[in-house]
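Please look over this structure with me.

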Amino acid sequence: MTEQLIAKVLQVLSINMRWMTWNLFLAVIPLLLSIWLFRNNRRRPWLWWLGFLVFYAFLPNAPYLLTDVIHLIHDIREIQSVWLITLVLIPVYLVVILGGFEAYVISLINLGHYLHRIGKSQWILWVELITHALCAIGIYWGRFLRFNSWDFITQPDALLTRGVEELLGKQPLIIIAITFLVLLVLYWIMKQVTLGFVRKKNTKIEIESGTTNNF
């Protein structure tokens with residue numbers, strides 16, 4: 001019986017690794033773009049603006065991993081072993097989901113630092129709120145309408161017509177509003193944790209540097 005359960009877990013994980021790896025790859029794209037776009041006070045030629053549009057097109061893929069919890073519910077029903085679910089399945093999902101959302105958090109932190117450096121600090125909160133709203137719409141489009149980021153290029157007409165039509169319904173608006181609130185709360189928490197970790201690390205480096213200079 002134990003061997004059968006372990007074999008079942010391995011089978012489930014092997015299947016999940018395909019979409020987990022792909023979704024994490026999509027989540028990393030806006031993170032890498034944020035480093036290229038926002039880490040330096042670079043000029044903003046047409047290539048920068050193109051990268052900026054691609055950044056926002058792919059950004060919903062990072063928090064989208066939160067919705068993959070539905071796969072976890074399905075896998076729990078498949079495995080039906082408390083120990084294997086607790087020790088194997090849930091940790092794997094946590095790593096993947098938190099990894100994707102952390103990419104979202106760091107991407108927006110990079111954007112906020114960029115706005116601060118160019119003297120637009122007053123825009124940071126509004127940009128974050130607008131980004132959460134846009135990503136909530138993008139998550140809805142991806143989860144329920146099955147649109148992808150590249151559909152902005154491959155089928156923009158279908159994305160705009162069907163996507164906008166869906167936004168006029170009561171149920172989609174409720175789902176998007178709930179998603180927005182979830183993103184808002186989780187982002188605030190993860191942002192504090194991330195910035196706290198960075199400050200602690202920088203303080204440690206400064207202390208070690210000061211100690212080294214004393215010798």
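1. Start with D68 and R143. Both residues are buried. They form a salt bridge, and the closest N and O atoms are 2.9 Å apart. Keep in mind that the model is a predicted one. D68 sits in the loop between α3 and α4, while R143 sits in helix α6. The two are 75 residues apart, and the pair links distant parts of the chain.

2. How many salt bridges does a search of the whole structure find? There are two. Side chains of opposite charge can pair when their charged atoms come close. Besides the pair above, E128 and K191 meet through their side chains, at 2.8 Å from N to O. E128 belongs to helix α6 and K191 to helix α9, so this bridge ties together parts that lie 63 residues apart in sequence.

3. Are E128 and K191 buried or exposed? E128 has a relative accessible area of 10%, so it is buried. K191 comes out at 18% relative accessibility, and therefore it counts as buried too. The cut-off for buried is under 20%.

4. Now the nonpolar core. The largest one has 50 residues. Y104 and W141 have the most contacts inside it. Helices that each supply at least two residues of this core include α1, α4, α8 and α9. Which helix gives the most? That is α5, with 15 residues.

5. Select W141 and look around it. Leaving out residues up to four places away in sequence, W141 touches R146, F147, F152, L159, G163, V164 and L167. F152 turns up again in the next point, as one of the residues closest to the centre of the largest pocket.

6. Turn to the empty space. Rolling a probe the size of a water molecule over the atoms shows where empty space is left. The largest pocket holds about 740 Å³. It is lined by 30 residues, and A57, N61, N148, S149 and F152 are the closest to its centre. Helices α1, α2, α3, α6 and α7 each supply at least two residues of the lining. With seven residues, α6 gives the most. By type, the lining of this pocket has 20 nonpolar, seven polar and three charged residues.

7. The second largest pocket has a volume of about 290 Å³. Its lining has 17 residues. Nearest its centre are F52, L111, L115, W123 and V127. Here α2, α5 and α6 each supply at least two lining residues. Which helix gives the most to this lining? It is α2, with five residues. The lining divides into 14 nonpolar residues, one polar and two charged.

8. Finish with V88, in helix α5, which spans residues 82-117. Its relative accessibility is 26%, so V88 counts as partly exposed. That class runs between the cut-offs of 20% and 50%. Setting aside residues up to four places away in sequence, V88 touches V9, L13 and W83.

How values were computed. Residues numbered from 1 in each chain as written. Predicted model: local features only at pLDDT ≥ 70, side-chain atom pairs only at ≥ 80, totals over all residues. Heavy atoms only, no water. Helix = DSSP H or I, 4+ residues; strand = E, 2+ residues; numbered from the N terminus. Buried < 20%, exposed > 50% of the residue type's maximum accessible area, 1.4 Å probe, protein only. Contact = heavy atoms within 4.5 Å. 1 Å grid on protein atoms, 1.4 Å probe; cavity = no way out; pocket = protein on both sides within 12 Å on 5 of 7 lines; lining within 4 Å. Points joined across faces, edges and corners; volume = space filled by probe spheres on them. Nonpolar A, V, L, I, M, F, W, Y, C, P; charged D, E, K, R; others polar. Salt bridge = Lys/Arg side-chain N within 4 Å of Asp/Glu carboxyl O. Core = buried A, V, L, I, M, F, W, Y, C linked by side-chain atoms within 4.5 Å.
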